[in-house]
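Subject: Structure handover and notes

Hello,

Here is the structure we talked about, with the sequence alongside. My notes follow below it; please read them with the model open.

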Amino acid sequence: MRSNFLGSCALAVMTLGVVACGQANETTGASGQATGATCPPDSELTYETFTRDFMHDYCTRCHSASLASADRNGAPNDHDFDTLAGLRATASAHLAEQAAAGPDAENSAMPPTDPRPSTEERRKLGEWLACGMP
Amino acid sequence: MAGLRHALAWALVAALVPLSPRVSRAQGCHVPQPQAGSEQGFRLALAQETTRFRSPRYEGHYQGLLARGSVTYRWLYAGIGMAAYRIVRNGLTSRGFGDLLIHSQARLLSTHDDTFAGGLVLGATLPTGDARADLGMGHWMLTTGAWSTANVKPLLLGAQITYAQSLTSAHAHHHHESAGPLVAPMAASEVDATLFASLPLGARSTSLRIKAGTNLAEPVADDRSTTRADAFVAFMLGRRTTTSVELHFPLVGDPSEQRLMLELSVLVP
């Protein structure tokens, strides 16, 4: 009886492991770090000159209001980056912690799939966010 | 041979996980309903659950496999449970364990014939689930409360009321911008109440029972969470080896649609 009991316990643990430990479907980089990005007085980065193309190239394939929920690859329904208003509706700190870089750190959790921005592009995003998302 | 039968039965339940309809919700973080009767010994349970959900942030579904072990010795019942999940949120699949639940139930009052019984409940969840994937709370929770049963043959009535409190700030509770995990929605602090009635069906030898009731959860000092309520009906067959099918119907505030839970449990005296 005791061996049956222990055997059943072991089988239950193994079964849980099979369900929980599947193949990882994406890779994610660092997130949540303070980048130390600042806004230089002569910054020329605006939504029109930088961010719109950045979002189009790297973000709106998932973070778009035009996508159905099942096509968003995990992007929450309230994070749409098609427009400046949509970006401003999301906390800039959250954007910085997921995708921006600065002198202190580089956050690369987003996007989780290729194509991904270069470090220089992430630095520009950090600067744009530090400047108040103009 | 008995061990082989157990193994085959559990393997069958595991195989049902991807095949069953997506109509249930996890209860892995919530203290179970009062344990009726005077059963003594170890009980092992394996349950499968699936659901389709729709919250303000995500749509999708998940499948869960819950393993539970409990022991009843005289007036004390103690259990431990852990679930493993596969969740798909807005098209992205994640897998992982849920929060670990430890709970106990003490029978402190009872009449000589067990017509009426009551006692206290104490439980805790450990943050073993990934809160970012909506599989866990991300912090400890403590639960305490009271339960009571009335055996008015052939009807068994039960009630339980508990208070759950997170061991973190409300800000930390919501640091992932959601009001609790999708697999077992729970506020940072809330009052939970359960009422149920159970009735034997058919001949006594069949050991078939029907159980119906309702669950209510009311957030306390947590304005990001809302009242949740559901109704449920369950059919249970067997005594030592028990098979149950439980259907839940959301009434208010629950991101999940209809829920179905299948459970197989074995008593080891």
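Which residue forms a salt bridge with Arg68(B), and how far apart are the closest N and O atoms? The partner is Glu263(B), with the closest N and O atoms 2.5 Å apart. Please keep in mind that this is a predicted model.

Salt bridges

That pair links distant parts of the chain: Glu263(B) is in strand E13 (residues 259-268) of chain B and Arg68(B) is in strand E2 (residues 59-73) of chain B, 195 residues apart. Glu263(B) has a relative accessible area of 16%, so it is buried, the limit for that class being under 20%. Arg68(B) counts as partly exposed, because its relative accessibility is 22%.

Arg132(B) and Asp130(B) form another salt bridge, and here the closest N and O atoms are 3.4 Å apart. Arg132(B) is exposed, with a relative accessible area of 58%. Elsewhere in chain B, Asp230(B), Asp254(B) and Arg259(B) are joined into one network by salt bridges that share partners.

In chain A, a salt bridge connects the side chains of Asp80(A) and Arg72(A), at 2.8 Å from N to O. Both of these residues, Asp80(A) and Arg72(A), are buried. Over all chains, the search of the whole structure finds 13 salt bridges.

Chain A overall

Chain A has five helices and zero strands, so that its elements run α-α-α-α-α from the N terminus on. It has 134 residues, of which 39% count as buried. Its accessible surface comes to about 7000 Å², and 54% of that belongs to carbon and sulfur atoms. Taking contacts in chain A between residues at least 6 apart in sequence, 63% join residues at least 24 apart.

Helix H2 of chain A

How are the buried residues of this helix arranged around its axis? Helix H2 covers residues 47-58 of chain A, and its buried residues are Tyr47(A), Phe50(A), Thr51(A), Phe54(A), Met55(A) and Tyr58(A). Seen down the axis of H2(A), they fall within an arc of 120 degrees, so they line one face of the helix. Thr49(A) and His56(A), on the other side of H2(A), are exposed. The buried residues of H2(A) pack against helix H3 (84-88) and helix H5 (119-130) of chain A.

Nonpolar cores

The largest nonpolar core has 18 residues, and those with the most contacts inside it are Phe54(A), Met55(A), Leu87(A), Leu125(A), Trp128(A) and Leu129(A). H2, H3, helix H4 (92-99) and H5 of chain A are the elements that give two or more residues to this core. H2(A) gives the most, with five residues.

Leaving out residues up to four places away in sequence, Trp128(A) touches Leu45(A), Thr46(A), Tyr47(A), Phe50(A), Thr51(A), Leu84(A), Leu87(A), Met133(A) and Pro134(A). Of these, Tyr47(A), Phe50(A) and Thr51(A) are among the buried residues of H2(A).

A second, separate core has 13 residues, including Ala47(B), Leu135(B), Leu182(B) and Met261(B).

Regards

Technical notes: Residues numbered from 1 in each chain as written. Chains lettered and ligands numbered in written order. Predicted model: local features only at pLDDT ≥ 70, side-chain atom pairs only at ≥ 80, totals over all residues. Heavy atoms only, no water. Buried < 20%, exposed > 50% of the residue type's maximum accessible area, 1.4 Å probe, protein only. Helix = DSSP H or I, 4+ residues; strand = E, 2+ residues; numbered from the N terminus. Arc of directions from axis to C-beta. Contact = heavy atoms within 4.5 Å. Salt bridge = Lys/Arg side-chain N within 4 Å of Asp/Glu carboxyl O. Core = buried A, V, L, I, M, F, W, Y, C linked by side-chain atoms within 4.5 Å. Areas by Shrake-Rupley, 256 points an atom, 1.4 Å probe, with all protein chains shown as cover.
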